[in-house]
Amino acid sequence: MDLRKTLILGERMDVTIDKASYKSVLQDFESETILRVSQITVRTVPVFVAEGTEAQLVYFRQDSGMYFFQAVMLGYVSDGSIRLMRFEARGEPIRFQQRQSFRLNVRLPARIWYRDKQLPADAQEVELSLYTNDLSCTGIQFETDAPIAVGQQINCEISVNAETSISAFCEVRRCIEIAAGRGVAYRVGVQFMNLSARMQRHISKYIMTEQIKMHKRL
């Protein structure tokens, strides 16, 4: 396997870790299987990736779609004032099928509502308008000003575009306190429950379409 014959310097190279996808750019090759990509960030803040972390590196071809290959993080290296990430490929590139769509970092307007039995009886009905941090076929992530208990069941409605929305019954799987510009916030991850196969296909198609659009804009 010689990635130098397949990949193109300067092309978009997304890094997917734990189902979260981050934009990057292929900067250099060290060998047939070791390459360097630009530091990944979230809202301009660098994301630290530990040495030994497994990842998928994803790239796009106009005539045949998206491809990925497994890789492991070797560490960081500086190229002048630029910090680069070093990855070693651990497998041949594989073409993405539509059903293999992953988590997409996307801000979509959403509404959630639920009954919080920990609150006083006259304040148990909670309704929030917010934006998603990401979307996958299995759930969404968002941020709130107050924590939501793990295991709490909620209803959510996500506006994908003017014609399409996703309505789902969900369960909170994690709630993590984070630092925010306004003080403290909470990052909440919820899992879709009993989502229909039709809706899963709809979400998968949306994620794949948006990924292709992002690669074309590079």
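This is a predicted model: local features need pLDDT of at least 70, side-chain atom pairs count only at pLDDT 80 or more; totals for chains, interfaces and linings use all residues.

Trainee: What does the chain span along its principal axes?
Mentor: The C-alpha trace covers about 65 × 40 × 25 Å.

Trainee: And how many helices and strands does the chain have?
Mentor: One helix and 17 strands.

Trainee: What share of the residues is buried?
Mentor: 46% of the 218 residues in the chain.

Trainee: What about contacts between residues at least 6 apart in sequence: how many join residues at least 24 apart?
Mentor: Of those contacts, 54% do.

Trainee: New topic. How much space lies in the largest pocket?
Mentor: About 1,000 Å³. The pocket is lined by 34 residues, and the closest to its centre are Tyr22, Thr41, Val42, Asn105 and Asn133.

Trainee: Which elements give two or more residues to that lining?
Mentor: Several strands do, including E2 (20–22), E5 (41–42), E13 (125–135) and E16 (165–180). Helix H1 (197–217) is on the list too.

Trainee: Which one gives the most?
Mentor: E16, with five residues.

Trainee: How does the lining split by class?
Mentor: There are 13 nonpolar, eight polar and 13 charged residues.

Trainee: Let's go to single residues. Where is Asp14?
Mentor: Asp14 sits in strand E1, which runs over residues 14–17.

Trainee: Is Asp14 buried or exposed?
Mentor: Asp14 counts as buried because its relative accessible area is 1%, and the cut-off for buried is under 20%.

Trainee: What does the side chain of Asp14 make a polar contact with?
Mentor: The side chain of Arg12, at 2.4 Å.

Trainee: Now Leu3. Where is its place?
Mentor: Leu3 lies in the segment before E1.

Trainee: Buried or exposed?
Mentor: Buried: Leu3 has a relative accessible area of 0%.

Trainee: Which residues is Leu3 in contact with, leaving aside neighbours within four places in sequence?
Mentor: Phe29, Glu32, Thr33, Leu35, Phe69, Ala89 and Pro93.

Trainee: And what separates Leu3 from Ile158?
Mentor: Their C-alpha atoms are separated by 39 Å, and the two residues are 155 residues apart along the chain.

How values were computed:
Residues are numbered from 1 along each chain as its sequence is written. Side-chain values use heavy atoms; hydrogens and water are left out. On a 1 Å grid over the protein atoms alone, a cavity is a set of points where a 1.4 Å probe fits but cannot get out, and a pocket is an open set with protein on both sides within 12 Å along at least five of seven lines; lining residues have an atom within 4 Å of a point. Grid points are joined across faces, edges and corners, and a volume is the space filled by probe spheres set on the points. Helices (H or I, at least four residues) and strands (E, at least two) are DSSP runs, numbered from the N terminus. Ala, Val, Leu, Ile, Met, Phe, Trp, Tyr, Cys and Pro count as nonpolar, Asp, Glu, Lys and Arg as charged, and the others, Gly among them, as polar. Buried means under 20% relative accessible area, exposed over 50%, partly exposed in between (1.4 Å probe, protein chains only). A polar contact is a pair of N or O atoms within 3.5 Å; within protein, one must be able to donate a hydrogen and the other to accept it, and residues adjacent in sequence count only if both atoms are side-chain atoms. Contact means heavy atoms within 4.5 Å.
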